[in-house]
Amino acid sequence: MSNHYHLVVKVNRQQALSWSDNEVISRWYKLYKGSPITDKQRNGDTLSEAEQLLVSELVEKWRARLFDISWFMKNLNEFIAKEANKEDNCTGKYWEGRYKSQALLDETALLSCMAYVDLNPIRSNMANNLEDSDFTSIQERIKHFKNTKSNAKKSNPNKAKRQTKQPKSLTPFGAREYENTMPFSLIDYLELVDWTGRHVHPKKRGYIPKSMPNILVSLNIEEATWLDRVQNFGNHYGNFAGSQTVLRAHAAKNDVNWYKGVG
């Protein structure tokens, strides 16, 4: 958007904790310069006991930062601020305040938040359709899907229908049995967001199917409830988003009486 941005990210703490020391160092070096002591280890040099201890301490600090959302946002916002100031040929503070985050506690919260973010340009009348919604993940998914499908038809017409490759820069849609994917199909999600966008945009023309998208049926979400969540996601929840049952359970787990969104 013109003055802010939205991200939907997954913090995979368990995966980060399972990385070997060498994998942590390798990942860290893709982002930062590292340290002379870890350079020695990467080069295969023999380390003293004190040096090995220092490497272990550095690795654990880097490991924690690699799955820390605050560290991620700090680096991302710093990069954006520097690039923006460079474009405007100025210096000084760029962001008005600290980022805000909401934990998505269930599939419904994940789905409605993603749709809310992908429909931001349409809801703000900055675009009339998903393909013209610049800087959104759904625009990238649609372009990639069309290009992949077109290339598959040219090389092997029989393969085109089975082609499901997705952008490497985005978490792919899959199914519950596949690790590190979102538990919905890409086609179902595209249909859902298009259907929702036709309700959200007051001037949106086109045929609106009478039947609800497959995802809403499978998750047993009523049409009015879904549309309200997507249009008012930012105001509907506080620090946590999810069904009333999940919010109540999470509140009890954290020893608090209530979370916004329970009702």
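Biologist: Hi! What kind of model is this, and how are the residues numbered?

Modeller: It is a predicted model, in which local features need pLDDT of at least 70 and side-chain atom pairs count only at pLDDT 80 or more, while totals for chains, interfaces and linings use all residues. Residues are numbered from 1 along each chain as its sequence is written, and side-chain values use heavy atoms, with hydrogens and water left out.

Biologist: Thanks. How many helices and strands are there in the protein chain?

Modeller: The protein chain has 13 helices and two strands. Both are DSSP runs numbered from the N terminus: helices are H or I with at least four residues, strands are E with at least two.

Biologist: And how much of the chain is buried?

Modeller: Buried residues account for 33% of the 263 residues. Buried means under 20% relative accessible area, exposed means over 50%, and partly exposed is in between (1.4 Å probe, protein chains only).

Biologist: Which residues make a nonpolar surface patch?

Modeller: Leu-7, Val-9, Val-11, Ile-69 and Phe-72 make one of about 390 Å². Patches consist of residues with over 30% relative accessible area and no salt bridge; like charges are joined within 9 Å, and nonpolar side chains (Val, Leu, Ile, Met, Phe, Trp, Tyr) within 5 Å. Leu-7 sits in the segment before helix 1 (13-18) and is partly exposed, with a relative accessible area of 43%.

Biologist: Changing topic: how many salt bridges are there?

Modeller: The count comes to nine salt bridges. The rule asks for a side-chain nitrogen of Lys or Arg within 4 Å of a carboxyl oxygen of Asp or Glu.

Biologist: Where is the one between Glu-60 and Arg-63?

Modeller: Both residues are in helix 4 (residues 49-66), three residues apart, so about one helical turn separates them.

Biologist: Which residue does Lys-86 pair with?

Modeller: Lys-86 forms a salt bridge with Glu-83, with the closest N and O atoms 3.4 Å apart. These residues are three apart in helix 5 (residues 69-88), which means about one helical turn between them. Lys-86 is exposed at 61% relative accessibility, and Glu-83 is partly exposed at 32%.

Biologist: And what about Lys-146 and Glu-131?

Modeller: Their side chains meet in a salt bridge at 2.8 Å, N to O. This pair links distant parts of the chain, 15 residues apart: Lys-146 is in helix 8, and Glu-131 is in the loop between helix 7 (120-123) and helix 8. Lys-146 is partly exposed at 42% relative accessibility, and Glu-131 is partly exposed at 41%.

Biologist: Let's go to helix 6. How many of its residues are buried?

Modeller: Eleven of the twelve are buried, so helix 6 is largely enclosed by the rest of the structure. Among them are Cys-113, Met-114 and Tyr-116.

Biologist: What span does helix 6 have?

Modeller: Helix 6 (residues 107-118) reaches 16 Å from its first C-alpha to its last, close to the 16 Å expected at 1.5 Å a residue. The expected span is 1.5 Å times one less than the number of residues.

Key: Accessible areas come from the Shrake-Rupley method with a 1.4 Å probe; for residues, only the protein chains shown count as cover.
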